[in-house]
Amino acid sequence: MIPYATIRTQPFGYRSTDAASYRERVIQEVSGTDREWILWSCSLSFTHRGSSALVPMPLHIPDHVVCICRSGAPIYWRRAWLLAALARWNDKLPAARFLPYDLLPVDSSLTLHLKAAHYPPYQKELEYILPVLSATRRQDSAAGPEGVLSSKPPQQPEVSILMSIYNMKDTLGWSIRSVLAQTNENWELLIGNDGSEDESLKEACAFHDGRIRVITQSRNRGKAIMMNRLLTEAKGQYILELDGDDWLAPETVALLSKALDKNPDGLIATGRYGCWERTRQLGPLWRRNVDSGKLYSIYSPSFNRSHEHDHPLVPRMYRKSSLVAVDGWWNRDDRFGRIFEDIDVTARVLKQSSPICVDALLYHRVVYGGSTSQRSRSLYEAWYQQTMQG
């Protein structure tokens, strides 16, 4: 008799409801067997055909081990432990396919690691997603009996992270989770709900952390207006922008704020970012590593027309005083008031100073056809003529 049962359910989608639905289907499968071990090989491949033959179960497994990994991918699970972990799980993911990785035991002694000649097919994705998962899992394990961390708001946060959201309930949870994973904890997160018509507000309020503040307005007025409102509420000396469909590397706040600390004349700090493409079935897929800071460093302080290509500086941490000095984002109620506001405000700050560039990948930008920036690309030339030369 095969000593394990195999999970046949396949992961699908990037929405929080997709991950929750996947969990429920896995629970049903695992509950329907009495085998001690479960083979859950979606972390190696999206097709289970022949996967059990490729991942032989070890002959001798210590009694305390609850998970067996190969090349870092969780494959075999002790049934009773897995059911308990699935029942407790209620977190946010960039896609349903990462659920097994979010269930890995915090205590590494409970996991048996097997070596193999190859790595999971999306190893690059794991390189950037696992650090956020592991950091927030450790926080969850340290939470109180109600599963809530009692993080109090700092009296004087060093960094204010500003996030304007509009109908972003499907991705917002993962963005916030990346903020909670920051190695520098002296931050505040200000979320501006710009008249969302979905459950974005509910998602923003789901995190019980005193460092997170949610500001809402009933009517959608555009990102620039909301960002200016958040700027007036910000208490930090540095301002970091984060979109509700992107996420941060755990060292982002620490490295960018340190760069500005060491360069008192600098007004804005940046680094490299990972470009991802959102897919409906698999969620974000890794595409490339981008250093937008090099372009801006070459052509600053003048915003030279030769590099105009509707490409924002990503990431961007400002001194708050520099944003106040240029009157923040440009409040406009016409068709140009809701597009390219990031390029505009960055250009005005960079007229005073070149960006400080950190040689690290600090931000993850998810590109998809339905985003405002992608839908507005054809308007860039007209926007540039009126905004940057008007």
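**Entry 1. The largest cavity.** I looked up which residues surround the largest cavity of this predicted model. Its lining consists of 13 residues, and those nearest the centre are Pro94, Thr171, Trp174, Asp245 and Val366. I then noted the volume, which comes to about 110 Å³. In total, I find four cavities of 30 Å³ or more in the structure. Which element supplies the largest share of the lining of the largest cavity? I traced that share to helix H6, residues 169-180, which contributes four residues. Sorted by class, the lining of this cavity comprises seven nonpolar, four charged and two polar residues.

**Entry 2. Arginine 97.** I located arginine 97 in the loop that runs between helix H3 (79-88) and helix H4 (99-102). Is this residue buried or exposed? Its relative accessible area is 2%, and the cut-off for burial is under 20%, so I list arginine 97 as buried. I also searched for a partner of its side chain. A polar atom of that side chain lies 2.6 Å from the backbone oxygen of leucine 282.

**Entry 3. Helix H3.** I next examined H3 itself. Leu82, Leu83, Ala85 and Leu86 are buried in this helix. Viewed down the helix axis, the buried residues of H3 fall within an arc of 165 degrees, and therefore they line one face. I set beside this the general rule that an α-helix has 3.6 residues a turn, so residues three or four places apart point the same way. On the other side of H3 I find Ala80, Ala87 and Arg88 exposed. What do the buried residues of H3 pack against? I listed helix H1 (16-31), strand S2 (37-39), strand S4 (73-78) and H4.

**Entry 4. Backbone geometry.** Valine 314 and proline 315 are joined by a cis peptide bond, with omega at about -10 degrees. I placed proline 315 in the loop between helix H10 (292-299) and strand S13 (317-319).

Serine 71, which is not a glycine, has a positive phi of about 55 degrees. I found serine 71 in the loop between strand S3 (67-70) and S4. Its relative accessibility is 18%, so serine 71 counts as buried.

Asparagine 167 also has a positive phi, near 55 degrees. This residue sits in the loop between strand S6 (159-165) and H6. With a relative accessibility of 32%, asparagine 167 counts as partly exposed.

**Entry 5. Serine 353.** I looked up serine 353 and found it in the loop between helix H12 (341-350) and strand S14 (356-367). Serine 353 counts as buried because its relative accessibility is 12%. Which residues does it touch, residues up to four places away in sequence not being counted? I recorded Asp265, Gly266 and Leu267.

**Entry 6. Histidine 113.** Histidine 113 has a relative accessible area of 53% and is exposed. I also noted its separation from isoleucine 75, which is 38 residues away along the chain. The C-alpha atoms of histidine 113 and isoleucine 75 lie 10.0 Å apart.

Note on methods
Residues are numbered from 1 along each chain as its sequence is written. This is a predicted model: local features need pLDDT of at least 70, side-chain atom pairs count only at pLDDT 80 or more; totals for chains, interfaces and linings use all residues. Side-chain values use heavy atoms; hydrogens and water are left out. On a 1 Å grid over the protein atoms alone, a cavity is a set of points where a 1.4 Å probe fits but cannot get out, and a pocket is an open set with protein on both sides within 12 Å along at least five of seven lines; lining residues have an atom within 4 Å of a point. Grid points are joined across faces, edges and corners, and a volume is the space filled by probe spheres set on the points. Helices (H or I, at least four residues) and strands (E, at least two) are DSSP runs, numbered from the N terminus. Ala, Val, Leu, Ile, Met, Phe, Trp, Tyr, Cys and Pro count as nonpolar, Asp, Glu, Lys and Arg as charged, and the others, Gly among them, as polar. Buried means under 20% relative accessible area, exposed over 50%, partly exposed in between (1.4 Å probe, protein chains only). A polar contact is a pair of N or O atoms within 3.5 Å; within protein, one must be able to donate a hydrogen and the other to accept it, and residues adjacent in sequence count only if both atoms are side-chain atoms. The arc is that of the directions from the helix axis to the C-beta atoms. Contact means heavy atoms within 4.5 Å.
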